[in-house]
Amino acid sequence: MEKQVRVQLDLRIPMRDGVELYGAMYRPEDGERFPVLLIRSPYSTQHPRYIEWAMRFVESGYAVVMQDSRGRYESDGKWRPYIDEAQDGYDTQEWIGQQAWCDSTIGTFGISYPGFTQILPAPYRSRFVKALVPIANQEDNFGHLRYNGLLQQQNAMNWIWLGDRTNQNAPRELIDWDEVYRRLPLLTALDDIGDRPFYRDVIRNNEFNSFWSSYSMKGKYQQVETPAYFITGWYDNLVHEGFKCFAGWQTSNSEEVRRTTRLMVGPWTHSKIGSAEPFGDVDFGMNAAVDIPAEHVRWYDQRMRGKDTGIDNDPPVRIFVMGENIWRSESCWPLEQTEYTPFYLHSNGKANSVNGDGELSKERPGDEPADYFNYDPEDPIPTLGGQSMFPGNTGPRDRSALEERNDILVFTSPVLEDGMEVTGPLEVRLFAESDARDTDFAATLVDVHPGGAAIHITEGIVRARFRESFENPSLIDPGEIVEYRFALWETSNFFRPGHRIRLEISSSNFPRFDRNLNTGTTPGLDDKKQVARQTVYHREGYASHVLLPVIPR
C-alpha cells in the first residue's frame, strides 16, 4: 500500500547573509522524524521528474526537501550561477539537520546542475550529510561550459533559456539556431535575443583562471568526508567530468569514503540516465534500463539507516559494455587488467575521406608520407553523434556519410577476427603542423560494422594554444611540427568479430565546440577567419597513434 504524503510548501530557509531560500517538503504521513533527502536546483521545486522521485523516496520512509537556488523562482537574493551553491548548500544542510522533523541524517540527489550542487558543499563537511548521489555532474565548468579551453558552444548558448529568475523556454523553437551558432563575434551573438552577462563572462574567460577556479572541486577532494555514488552515461556530455570526480573522491583523507564511493556508467545520454529508450543509430536493448530511484534507496538505506543492502559488498565500479550490451562489475577504474595498446596511423599520403588509403594498426610506421587537409572555419565538420548535451546530435550515430568529406582523415583497421574490448580512458598522440598560429585538432573513435555503418563511440579535441597549459596559453609557430596529446574521454565497447576500428582526424566539431578561426586572436572576440593548411605526420619519430585501453580475453 502506498504511503500517504504530507506536503509542506513555503519553507523559508535562512542563509548566513540573511537571504531566505524557498523549499518544499514531502514526508510520510506517519511519523515525526525522518532521514531527509535534499535537492537544490535552479529549475524550480516543481520539476516533474523530481516530484516523481520524491514520491518514491517518501514511500521508502524518507522526507524530501526540494529547494530553489538563490535568486531562482521563489528564493530570495540574486542568482549568480554556481558561485553561491557551496555556502548555500552547506547552510541549508545545517538548517535541515537541526529541524525537529529531521533525524539528523541527510542525503542528496539530482542530475546535472543539481548534481554539481551536491558536491560543491562537500569540503565544508556538514555533520548531517551521510550520502551523495551526483548524477551527470561536473568537477567545474572548465569541463562543461568550456572543455580545456574550447567553448562548448551549444552548452554555453543554452544559458539564453535559463533567464534570471525563471526559465525562458517558450520561444526556443522560433529561433534559427543554425544561424545563431554561426554568429561572430561570439561575445555578442546572443545580445539581440536576451541579456546574459554570465554567457559573456564565459566567452571572455578562455583560460583556467579565478572565474572557473572559484567554484571548482580541484584541490578540495582530500577534505571530503561523505561517500558518493556517481552515475553517468557513456554518451553523457559530462561523463569525462564524472570520472574526474570519482577519481577525486578516491583521494579523500577518509578511508571510509575511499572504500565505499561508487560509480555506475550506462549506455545513456545526459537527459536519459537509466533509460533503455533507443537513441542514435544503435539499440542497446532493455538490459540498458536501470531503476535509478531504487538504486538511490539502496544506497541511502545502507549509508543513512545502517541497513545491510549488500551494496558495500559489490565491487565499486559497474559499467555497461557496449557491443555486447552487458553489465559488468569491476574492482577499480581504470581496470587492473588493462593493456594500453597503441594503434598507429598509416597511409601513402591520401587518407582524406573514407575513400582514401588510411590504415590503423599496431605496427609502428616507417618512412611514410604525411597527410594534408584544409580546415575552413566557414565550412566546419558538423557535430554528429558523441557526447553532446543535446538529443538531436548525441549518441552512437552513423558517421559514414560524413566521412565522405576530404577534410576528415580516416584511418581504419583490418577486420577483427576475434573481436576486441576497449574499456577505459583513451588518448590520441598526434604529430601535426599548421600554417596558422592557433588551430584545433579533433579525433573520433568509430566502430565500423560489417554493413558499413560507422558508429560513433567517443571523441576528443585540442586547441593548439592550450597544448601545454590551460592557465598560460601560447600560440604555435606556423610550420613547426607539434606533438598534441589529448583525451578521447572514456568508453567501454566490444568491437565484435567482423567489425573494424576507425579513427577520424579533423579540425572541428561544430556546434558542439566553437570554431577556431585560425587567426591567433583571442577566441570569441573577433569575426575574422582564415583557412588553415593542416599536416598530420605518421613516420619514425613522429608516430601518431591512438592509445587504446584493451581488455584481454
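**Close-up views of a predicted model**

Figure 1. To place the view in the whole protein, domain 2 covers 143-210 and domain 3 covers 339-550, while domain 1 is made up of 5-142 + 211-277 + 285-321.

**Figure 2. A salt bridge between Arg182 and Glu378.** The side chains of these two residues, Arg182 and Glu378, meet at 3.9 Å, N to O. Between domain 2 and domain 3, the count is one salt bridge.

**Figure 3. Helix H1 and its buried side.** H1 has 12 residues (48-59), which at 1.5 Å a residue should span 16 Å; its end C-alpha atoms are 17 Å apart, in agreement with that. Tyr50, Trp53, Ala54, Phe57 and Val58 of H1 are buried. They share one side of H1, because they cover an arc of only 140° around the axis. Pro48 and Glu52 are exposed, on the face of H1 turned away from the buried side. Just after H1 comes Gly61, which takes a positive phi of about 95°.

**Figure 4. Arg463 and Asp514, a buried pair.** The side chains of Arg463 and Asp514 form a salt bridge of 3.2 Å, N to O. Arg463 belongs to strand S19 (residues 454-463) and Asp514 to the loop between strand S21 (500-506) and strand S22 (532-539), so the pair ties together parts that are 51 residues apart in sequence. Both Arg463 and Asp514 are buried. Elsewhere, salt bridges with shared partners join Glu324, Arg328, Glu330, Glu421 and Arg553 into one network.

**Figure 5. Two salt bridges with partly exposed partners.** Glu427 pairs with Arg429 in a salt bridge whose closest N and O atoms are 2.8 Å apart. Glu427 is partly exposed, at a relative accessible area of 23%, and Arg429 is partly exposed at 22%. Lys272 forms a salt bridge with Glu277, with 3.4 Å between the closest N and O atoms. Lys272 has a relative accessible area of 35% and is partly exposed; Glu277, at 45%, is also partly exposed. For the model, the salt-bridge count comes to 42.

Note on methods
Residues numbered from 1 in each chain as written. Predicted model: local features only at pLDDT ≥ 70, side-chain atom pairs only at ≥ 80, totals over all residues. Heavy atoms only, no water. Helix = DSSP H or I, 4+ residues; strand = E, 2+ residues; numbered from the N terminus. Expected span 1.5 Å × (residues − 1). Buried < 20%, exposed > 50% of the residue type's maximum accessible area, 1.4 Å probe, protein only. Arc of directions from axis to C-beta. Domains from an automatic or database assignment. Salt bridge = Lys/Arg side-chain N within 4 Å of Asp/Glu carboxyl O.
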